[in-house]
Amino acid sequence: MWIEKINQEKKQMYLANNKIDKIVASGDMSGLEVLVQQGRWEECLGLAEKQGPDFLNTYLMRFSKAHLQQGQFKETARVLTRFGVPAIPQMLSVYKTITIEVLATINEIEMQILREMLQKLVKNLEAGAKNTHYHEFHKYLMVVHLLLLKGECGRKNLPRVASALATSLLRYTKDIRADQAFLDAGNANRKSGANDMAYIFFNRYIDLYDAIEDPENNGISDNQDFEDTDIPSPYEIALPEKNLLSATERDEIRDWVLEVNMDGTEKSLPTRCCEYCQFDGLYEASLHCPQCNSGWEPCIVSGYPLVKANSISCKFCNMGALRDHWNDYIDVFQNCPWCNSMQTQY
Ligand SMILES: [Zn+2]
Ligand SMILES: [Zn+2]
């Protein structure tokens with residue numbers, strides 16, 4: 001009886017002196033609750049971590065729930081990264097929510113935090129069976145990686161890689177902001193002189209522009225240009241509430257499109273020959289052949305399909321890249337974009 005009393009007194013003393021760690025160290029987990037009530041999450045998580053993964057995971061879950069409700073996505077991602085991003089089933093929906101929300105922001109600093117979280121998560125998932133969750137988050141990691149690279153390469157003089165990146169990202173328009181992606185792909189291809197592609201991408205951008213402006217009369221009915229590509233149809237993508245450009249800026253694009261159309265030639269997306277079934281109408285940037293169902297992994301520099309004849313791999317992380325895109329990139333950055341190790345041209 002008196003021991004209990006002494007323990008109670010001890011606890012009161014610790015509480016009064018703010019020595020919550022001593023309470024937890026004595027095996028009394030109510031100390032963690034005190035920290036939660038006071039919003040001292042980082043201390044709580046630090047102490048929970050010392051008590052083992054079960055405690056840590058429980059409090060990570062509670063931390064995430066509380067912060068996601070307040071819309072604090074990047075803050076949650078940062079803390080989860082610090083505590084190792086455990087690949088436990090009950091946390092996967094938290095990671096997914098953060099990913100979807102941060103991808104929608106198009107903010108580079110937030111995306112860097114997201115990339116770090118996804119890198120750890122994918123590594124943790126990799127240690128288990130490579131299941132659908134692994135593939136899903138690996139795809140998200142690739143999307144964030146390519147988005148960040150697009151920003152980097154756009155600031156340097158790398159027109160070939162920049163336009164390939166912007167083009168590749170169109171296949172992820174279910175996950176990223178679609179009108180931005182088509183606008184960027186139009187601009188990047190116009191800059192690199194690929195007018196056919198720029199024309200088709202700008203056309204889709206203007207369709208989306210009109211649909212955002214007047215969702216009732218969404219007039220996108222023609223998906224012919226993109227048939228048999230892995231670019232999602234407009235019916236599969238979510239429209240943002242507001243347009244990125246003013247009507248005047250849109251008209252400048254429309255004028256350019258009309259001007260290019262004056263030459264009267266039929267515009268189509270560039271094609272390549274499938275290395276497996278020899279189908280020669282395969283969209284150049286597609287990761288999937290509609291004829292034989294073969295697939296390709298994306299290049300870590302440009303996101304373009306890793307066709308065997310032109311592929312090389314990073315000597316450190318072993319991820320694949322297309323030789324030309326890799327050489328362009330290494331010439332400027334001297335490091336692998338995936339693992340950051342110093343690398344040379346092939
Ligand atoms: Zn094929
Ligand atoms: Zn590498």
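Q: Start with the helices. In which hand does H5 pass H6, left-handed or right-handed?
A: The crossing of H5 past H6 is right-handed. Keep in mind that this is a predicted model.

Q: At what angle do the axes of H5 and H6 cross?
A: Roughly 165°. The two axes come within 9 Å. H5 covers residues 53-69 and H6 covers residues 73-82.

Q: So are H5 and H6 roughly parallel or roughly antiparallel?
A: Roughly antiparallel, because angles over 145 degrees count that way.

Q: Which residues of H5 and H6 meet?
A: From H5, Leu60, Phe63, Ser64, His67 and Leu68. On the H6 side they meet Phe73, Glu75, Thr76, Val79 and Leu80.

Q: And how does the contact of H5 with H6 divide by class?
A: Six residues are nonpolar, three are polar and one is charged.

Q: Switching topic. What domains does the chain have?
A: The domain assignment gives domain 1 at 173-269 and domain 2 at 272-333. Their centres, over C-alpha atoms, are 25 Å apart.

Q: How many residues does each domain put into the contact?
A: Domain 1 gives four residues and domain 2 gives six. On the domain 1 side, one is nonpolar, one is polar and two are charged.

Q: Now the whole chain. How many helices and strands?
A: 14 helices and four strands. The C-alpha trace spans about 95 × 50 × 35 Å along its principal axes.

Q: What percentage of the residues is buried?
A: 34% of the 346 residues in the chain.

Note on methods
Residues are numbered from 1 along each chain as its sequence is written. Chains are lettered from A and ligands numbered from 1 in the order in which they are written. This is a predicted model: local features need pLDDT of at least 70, side-chain atom pairs count only at pLDDT 80 or more; totals for chains, interfaces and linings use all residues. Domain bounds come from an automatic or database domain assignment. Two residues are in contact if their C-beta atoms, placed from the backbone, lie within 7 Å. Ala, Val, Leu, Ile, Met, Phe, Trp, Tyr, Cys and Pro count as nonpolar, Asp, Glu, Lys and Arg as charged, and the others, Gly among them, as polar. Axes are lines fitted to C-alpha atoms, for helices over the stretch in contact, and angles run from 0 to 180 degrees between N-to-C directions. Helices (H or I, at least four residues) and strands (E, at least two) are DSSP runs, numbered from the N terminus. Angles under 35 degrees count as roughly parallel, over 145 as roughly antiparallel, 65 to 115 as roughly perpendicular and the rest as oblique. A crossing is left-handed if the near helix is turned anticlockwise from the far one by less than a right angle, and right-handed if clockwise. A residue is buried if 20 or more other C-beta atoms lie within 10 Å of its own, exposed if 12 or fewer, and partly exposed in between; C-beta atoms are placed from the backbone.
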